[in-house]
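Hi everyone, thanks for coming. Let me put the structure up on the screen, and then I'll walk you through a few parts of it.

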Amino acid sequence: MTGAILPGDSTTKLKEFTVPEPGHGEVLIRTKASTICGSDIRCIYHEHLGQGPERYQGVIAGHEPCGQIEKVGPGCRRYQPGDRVVVYHISGCGVCNDCRRGYMISCTNKKYRRAYGWQRDGGMAPYMIAEEKDLLTLPDELSYVDGAQVACGFGTVYEGLEKIGISGNDAVLITGLGPVGLAAAVLSRALGARQIIGTDAIDERLQIARDLGLCDHVLKAGPDNVDQVRALTGGHGVERAVDCSAHHAARRTAVQATRKWGRIVLIGEGGTMNLNPSPDMIHDQKTIFGSWVTATWRMEELLERLVRWGVRPADLVTHRFALEQVGDAYALMASGKCGKVAVCFDEELVSA
Ligand SMILES: NC(=O)c1ccc[n+]([C@@H]2O[C@H](COP(=O)([O-])OP(=O)(O)OC[C@H]3O[C@@H](n4cnc5c(N)ncnc54)[C@H](O)[C@@H]3O)[C@@H](O)[C@H]2O)c1
Ligand SMILES: [Zn+2]
Ligand SMILES: [Zn+2]
């Protein structure tokens, strides 16, 4: 089979691999959709920048895979060939404290913690091996492209929003309207938020948020954003803010445009942040949360809720590519002039 790797110089490379055999507790998945995350661009595509859990080891790329089980190895307990599954994108040891909480993202066992598309083969190939314990059932109502986005982006956002709590009481500010920020808008709305304000530096991203009706107001990123958000919220600021940009100025905007007693969650990764703690946080009694991916149980819960809410993550996908065009897919995502970008196989490619 052909699989895509990322050499780290803003290109992709297709290489031949043998179709792997599932070992004990593993399954062979026929990949149907594999979406691209901002983290792939930041840590791997332009340069291999990642360290520790973000260090890329030359494997088949793609940490947002979704597909159908082709074969199960010995010792599997839950899944059968034909089952439709989402791959929680980090395989942990399964027995450390973090893994036991379902947060395999923070598995503390250096030998066994391996993320798909980073340290073990991921979704940019027609087949992949996954451990059965890393799989979630994709509900019949959702497509494989819906599921691929849950594997990282939507799962991550749901976790962050659950940490700060979102309800019909809240106006929500989202800084950065890449696929993660757009997902934050979709899920904030589903959780009841009545006023959603988004900011981004790229016009195409603001346009997508506007066209899909995801935000009530979109603002071009700039030094006036705090005043603009206050003006839209009766002078008070928002109750909740979500940074999905990782940009230092946007992070400061998220904190300063949040009202007294408000909560902010940082999802965008990397970079720095410069705050003046007394006026920005302490005197206004604000709380900042950090949030890293999610737990398997919460991802399972999100899949159920998406069906209940009638929310389809695939609506954020603006471009689908065949694996042969994987280079165009990564280049487009790196340009930012798109919503979510998906590499698709079989029926997910023809339903584009
Ligand atoms: N915490 C986690 O577990 C987790 C999981 C997945 C992704 N991420 C991170 O989330 C971030 C978003 O992911 P994505 O896939 O949407 O990536 P992305 O790079 O496509 O999106 C970032 C967006 O922020 C915008 N931006 C840049 N400067 C800005 C500013 N000053 N104000 C407002 N917007 C600004 C960019 O134009 C871009 O649209 C990335 O940093 C990614 O690494 C974190
Ligand atoms: Zn990701
Ligand atoms: Zn572990």
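Strand 4 (residues 65–72) and strand 5 (residues 84–87) pair in the antiparallel sense, with three bridges between them. Strands here are DSSP runs of E of at least two residues, helices are runs of H or I of at least four, and both are numbered from the N terminus; two strands pair if DSSP finds at least two bridges between them. This is a predicted model, where local features need pLDDT of at least 70, side-chain atom pairs count only at pLDDT 80 or more, and totals for chains, interfaces and linings use all residues. Residues are numbered from 1 along each chain as its sequence is written, while chains are lettered from A and ligands numbered from 1 in the order in which they are written.

Strand 5 also joins strand 9 (residues 135–137), again antiparallel, through three bridges.

Now, which way do the residues of strand 5 point? Arg 84 and Val 86 point one way, Val 85 and Val 87 the other, and all are buried, meaning 20 or more other C-beta atoms, placed from the backbone, lie within 10 Å of their own.

Over to helix 4. Ten of its twelve residues are buried, among them Pro 179, Leu 182 and Ser 188. Just after this helix, Gly 192 takes a positive phi of about 115 degrees.

Finally, helix 4 is one of the elements that each supply at least two residues of the shell around ligand 1.
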